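Here is a short report on one protein chain. The sequence and structure come first, then the computed features.

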Amino acid sequence: MRWFVLLTLTAWGLRACSFSEAAEPDEPKQERNVDGIMDNSFLVEEAYNQEPGVVQHIFNAVYSVDRLSGGGARSWNLSFTQEWPVPNQKHQFSYTIPYSFVEMGGHSDNGVGDVFLNYRFQAYYDEKTLTGFAPRFSLVLPTGEADKGFGNSTLGYQWLLPFSTTIGDRWFVHANAGLSYLPHAGVSPGRDLLNYNLGASVIYCASRRINFMLEWIGIWNESANSGRGLRSDFVAVISPGVRYAFNFPNESQLVCGLGVPVGLTRATPDLGVLLYFSFEHFFKKQRRGEG
């Protein structure tokens, strides 16, 4: 929580990457309209919907070690997300497919988790200050195997309130607050589960291509214990990171990122590595800014 207070004070005392149109010294001016990195944080969701005609493909991979678990669990948690404007920036549809590899006590397992179908509404967006607010609603489909720990065996619902703004010429700030509702979830007897989450990130834009990041997330997580009621855990992670953008002449952009999430509570894995890849491109003939 001390890190979260520091993160919040840092964001409050500053004012996202509003770069000039001049190219960097190592980047010749070309006939294209590629912005700086207007991307998702790794763990915190931004409040900028996809522009008309632009689709984004996002791949995350998180490796974590939990030394407090019985056999010292090690896991790879993968996810793939696609974000589409439907048909403009006001409305966005996306889906997320998770897949996990877990090894614990000499036993390994893997499988698909619960798939998310997401709708996000761009309730507010100011192009000058890059301030945005985009509430999201998601259906959580019961596609994972609950007995292996990859799902909840129920149709769930999630609400998230992402907010983004800029501070000065080189800072992005993102904040999230959310709720997940999972009716009759978990092992028998099924219980209604409520999970709450908060998140915040501060991003410093060293240049149009490279960003340094600090993220924090906290999750109040309920789980069902067979015949023993509900168990509540608080998961908190702080993650420094960096990301770099490759801009191409056809106005597409590839962003590669690396984060080091560190657990802050007993219920959180001790240490991890996060890999992030995002590719954004036009899927129809339309210039950015139209529509």
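Helices (H or I, at least four residues) and strands (E, at least two) are DSSP runs, numbered from the N terminus. By this rule the protein chain has 1 helix and 16 strands. The model is predicted: local features need pLDDT of at least 70, side-chain atom pairs count only at pLDDT 80 or more, and totals for chains, interfaces and linings use all residues. Residues are numbered from 1 along each chain as its sequence is written, and side-chain values use heavy atoms, with hydrogens and water left out.

**Overall surface and core**

Accessible areas come from the Shrake-Rupley method with a 1.4 Å probe; for residues, only the protein chains shown count as cover. The protein chain exposes about 14,700 Å². Carbon and sulfur atoms supply 61% of that area. Buried means under 20% relative accessible area, exposed over 50%, and partly exposed in between (1.4 Å probe, protein chains only). Of the 291 residues, 43% count as buried.

A nonpolar core is a set of buried Ala, Val, Leu, Ile, Met, Phe, Trp, Tyr and Cys residues joined through side-chain atoms within 4.5 Å. The largest one has 13 residues. Phe42, Phe172, Val255 and Tyr276 have the most contacts inside it. Strands β11 (191-205) and β16 (271-282) each supply at least two residues of this core. In soluble globular proteins, nonpolar side chains tend to be buried together.

Phe59, Phe80, Ile97, Val112 and Phe277 make a nonpolar patch of about 370 Å². Patches are made of residues with over 30% relative accessible area and no salt bridge; like charges are joined within 9 Å, nonpolar side chains (Val, Leu, Ile, Met, Phe, Trp, Tyr) within 5 Å. Ile97 belongs to strand β3 (residues 91-104). Its relative accessibility is 37%, so Ile97 counts as partly exposed.

**Salt bridges**

A salt bridge is a side-chain nitrogen of Lys or Arg within 4 Å of a carboxyl oxygen of Asp or Glu. The structure holds 5 of them.

| Pair | N to O distance |
|---|---|
| Glu45 and Arg120 | 2.8 Å |
| Asp109 and Lys148 | 3.6 Å |
| Glu145 and Lys148 | 3.7 Å |

Take the Glu45 and Arg120 salt bridge, at 2.8 Å. This pair links distant parts of the chain, 75 residues apart. Glu45 is in the loop between α1 (2-12) and β1 (54-66), and Arg120 is in strand β5. Both residues are buried.

Lys148 forms a salt bridge with Asp109. Lys148 lies in the loop between β8 and β9 (156-167) and Asp109 in strand β4 (residues 107-112), so the pair ties together parts that are 39 residues apart in sequence. Lys148 is partly exposed at 37% relative accessibility. Asp109 is partly exposed too, at 24%. Glu145, the other partner of Lys148 in the table, is partly exposed with a relative accessible area of 39%. Elsewhere, salt bridges that share partners join Glu45, Glu46, Arg120 and Arg136 into one network.

Ser138 lies in strand β8 (residues 136-141). Is Ser138 buried or exposed? Its relative accessibility is 0%, so Ser138 counts as buried. A polar contact is a pair of N or O atoms within 3.5 Å; within protein, one must be able to donate a hydrogen and the other to accept it, and residues adjacent in sequence count only if both atoms are side-chain atoms. The Ser138 side chain makes a polar contact with the side chain of Asn118 at 2.5 Å. It makes another with the side chain of Arg136 at 2.4 Å.

Contact means heavy atoms within 4.5 Å. Leaving out residues up to four places away in sequence, Ser138 touches Phe116, Leu117, Asn118, Gly156, Tyr157 and Gln158.

Leu117 lies in strand β5 (residues 115-121). At 31% relative accessibility, Leu117 is partly exposed. With the sequence neighbors up to four places away left out, Leu117 touches residues including Phe93, Tyr95, Ser138 and Leu141.

**Thr154**

Thr154 is found in the loop between β8 and β9. Thr154 is buried, with a relative accessible area of 10%. Its side chain reaches the backbone oxygen of Pro183 at 2.5 Å. The C-alpha atoms of Thr154 and Pro183, 29 residues apart along the chain, are separated by 6.7 Å.
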